[in-house]
Amino acid sequence: MKEASSDAPLKLSAVRSRALVGRQRPPGDKSISHRALLLGLLCVGETTIEGLLEGEDVLRTAEACRALGATVTRGAAGRWSVRGAGLGSLVAPRETLDFGNAGTGSRLMMGVVAGHPIAARFDGDASLRKRPMRRVLEPLIKQGARVLEEHEGGRLPILLQGSGAPFPIEYLTPVASAQIKSAVLLAGLNSPGRTVVMEREASRDHTEKMLNHFGARVTVEPYNGSGRRIALEGRPNLRATTVRVPADPSSAAFPLAAALVVPGSDVLIESVMINPLRCGLIETLLEMGADITIENRRGESGEEVADLRARYSRNLRGVEVPAARAPSMIDEYPILAVIAAFAAGGTIMRGLSELRVKESDRLAAIAAGLEANGVSCNIQGDDLYVEGAGGAVRGSGLVKTHLDHRIAMSFLIMGLASNESVTVDDASMIATSFPDFRELMGSLGASFA
Ligand SMILES: O=C(O)C1=C[C@@H](OP(=O)(O)O)[C@@H](O)[C@H](O)C1
Ligand SMILES: C=C(OP(=O)(O)O)C(=O)O
């Protein structure tokens, strides 16, 4: 059963679980799925995508690609086909592009539109309408795009007019954000020159890798220590190709976390992408003393994947998570905070300002959810401190999810190991990134009601 994606909130509770046992493959990576569709749109010919995440966020991107001229279809065994319109040949969408809850889909598509002589109106749900878009509009304007209409503070709905010959620019991103970097690179694709993006800390590099996979020329060099300088030659001859999407480490984090905190558990999570720029959570959990083994490392479509074995870890201890690690685990702080609640001692997570501008203000939502379940925590500036309860989390709280899938899943996982059940006020948003969350967790032994 897929989660409902209607407007009706779906209240859901998790109760203390028996040991979780079994092996499962989480859904395809959300970041790679969005990018595969967008690059398919920008090629002439047929791109085939295997393992596409069929979550609401990605389906919105597929719909937007259709509106810009691609033919996107789902074939047998979940193989998706994109017959692209081609770089420079997109059509202006007749209707508003509604990206629902998806920051990545909307911001990357703004980059695509900015590099074409078309206008498109972008909109989204109540969560996406609150999220800052100036961070992508600013560089896109430097590249020649114009914002014809926007809501106060650079928020959606936005009417964007692109340019048929974007200026080649050199841009230093103000925060380590793969969405900003990717929007600039995607606009730069149709530029007659070279587009360069610099970032002070490396963010996920799926756009760079996939551009090369589709035949563009992207070079990556170190920048200022731990940063990167990415250069793209404009107007490449993009070739339609096949993309195999590995399992999403951000989704794998949920069964993995559950196995660590539910006594007696032993779970194998298969084919998870272990790109080093996405592995901050695993690094942190190993430091906490988690029983995780990385097995059967192999390459798949230009990404390293592995099977992750996670077993109940009685002796988890609190750690300090440095700010520099944040880009490599930016979506995993809600579930890390839940795991930290079961550890002995305090965990301090530093440098979390970006969490305030996700699907919800995740810093506030995490703290409220922990407190509702009897876990002490506090926010100090951009840092979050969680006082571990040494395995004995009370539970019994009602958690407000604020249209945020990761808050919903994280606190449901808490309920599988806390003394009393944990309820989330709305689990419907889980469909954006992990439509089969309940089935997958259920097959390992979890139950939700
Ligand atoms: O580029 C991407 O696919 C993503 C980048 C990250 O956002 P930021 O670019 O805002 O850090 C992340 O939080 C999001 O879930 C996916
Ligand atoms: C932040 C997230 O996604 P997006 O920015 O694409 O909405 C997420 O999936 O946690």
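Author: The radius of gyration is taken over C-alpha atoms, and the globule rule is 2.2 Å times the number of residues to the power 0.38. The structure is a predicted model, in which local features need pLDDT of at least 70 and side-chain atom pairs count only at pLDDT 80 or more, while totals for chains, interfaces and linings use all residues. Residues are numbered from 1 along each chain as its sequence is written, with chains lettered from A and ligands numbered from 1 in the order in which they are written.

Reader: What radius of gyration does the protein chain have?

Author: The chain has 449 residues, so a compact globule would have a radius near 22 Å. The C-alpha atoms fill a box of roughly 60 × 50 × 45 Å along the principal axes. The radius of the protein chain agrees with the globule value, at 21 Å.

Reader: In which helix is confidence highest?

Author: Confidence here is pLDDT, the predictor's score for each residue from 0 to 100. The chain has 12 helices and 23 strands, which are DSSP runs numbered from the N terminus (helices: H or I, at least four residues; strands: E, at least two). Confidence is lowest in strand 16 (residues 291-300), at a mean of 95. It is highest, at 99, in helix 3 (residues 103-114).

Reader: Over which residues is the pLDDT below 50?

Author: The mean pLDDT of the chain is 97, and 98% of its residues reach 70 or more. Where pLDDT is low, the predicted coordinates should not be read in detail. The pLDDT is below 50 over residues 1-5.

Reader: Which helix gives the largest share of the shell around ligand 1?

Author: A residue counts as near a molecule if its C-beta atom, placed from the backbone, lies within 6 Å of it. Around ligand 1 these include Ser 31, Thr 104, Ala 178, Gln 179, Ser 182 and Arg 204. The largest share, three residues, comes from helix 5 (residues 178-188).

Reader: How many charged residues does the shell around ligand 2 have?

Author: Ala, Val, Leu, Ile, Met, Phe, Trp, Tyr, Cys and Pro count as nonpolar, Asp, Glu, Lys and Arg as charged, and the others, Gly among them, as polar. Around ligand 2 are Ala 102, Gly 103, Thr 104, Asp 331, Lys 358, Glu 359, Arg 406 and Ser 433. One is nonpolar and three are polar; the number of charged residues is four.

Terms used
Two residues are in contact if their C-beta atoms, placed from the backbone, lie within 7 Å.
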